[in-house]
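Dear colleague,

Please find below the sequence and structure that I am handing over to you. My notes on what was found follow directly after.

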Amino acid sequence: MFASNFTVADSHLKHVRGQENLKTFAESKTIGSGKTMTNYFCQTCGTLMYRVGAAFPGVSFLRLGTVDDFSLHETKLRPTVEQFVKDRVSWVQGIDGIKKFDAMGEY
């Protein structure tokens, strides 16, 4: 239903360990741009670690839940944008004080 992601320039993304344990799955049919989005999963536990999109060269989209420094969740990784709000179910409230967009890439 929703995911909390943050964008990182590939020049700032470094695998310290475990990169050899990642498997990929790529999809383009269900992606809004029609371009390929590649998902990187941990082959041990199945966790989606990050995504790389052909429509967004030079950046990766990491899952907030993969960061184990919880102080960052309240500071540097606190959401600043909500996307696809037109599709939000009525019983999920948005985050106060941040920008909201009906679709991706409007801002």
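Five strands form an open sheet in the order β1-β5-β4-β3-β2, with antiparallel pairing (strands are DSSP runs of E, at least two residues, numbered from the N terminus; two strands pair if DSSP finds at least two bridges between them). Strands β1 (5-9) and β2 (22-27) are at the edges with a single partner strand each, so one side of each has no neighbour in the sheet. On average, neighbouring strands are turned by 25° against each other, direction ignored (axes are lines fitted to C-alpha atoms). Within the sheet, β4 (residues 48-53) and β5 (residues 59-63) run antiparallel and are joined by two bridges; Y50 stands opposite L62 in β5.

This is a predicted model, in which local features need pLDDT of at least 70 and side-chain atom pairs count only at pLDDT 80 or more, while totals for chains, interfaces and linings use all residues. Residues are numbered from 1 along each chain as its sequence is written, and side-chain values use heavy atoms, leaving out hydrogens and water.

The structure holds three salt bridges (a side-chain nitrogen of Lys or Arg within 4 Å of a carboxyl oxygen of Asp or Glu). One of them links R88 to E82 (2.5 Å, N to O). E82 is buried, with a relative accessible area of 14%, whereas R88 is partly exposed at 28% (buried means under 20%, exposed over 50%, partly exposed in between, with a 1.4 Å probe and protein chains only). E82 also meets K100 in a salt bridge (3.3 Å, N to O).

With kind regards

How values were computed:
Helix = DSSP H or I, 4+ residues; strand = E, 2+ residues; numbered from the N terminus. Axes fitted to C-alpha atoms, helices over the stretch in contact; angles between N-to-C directions.
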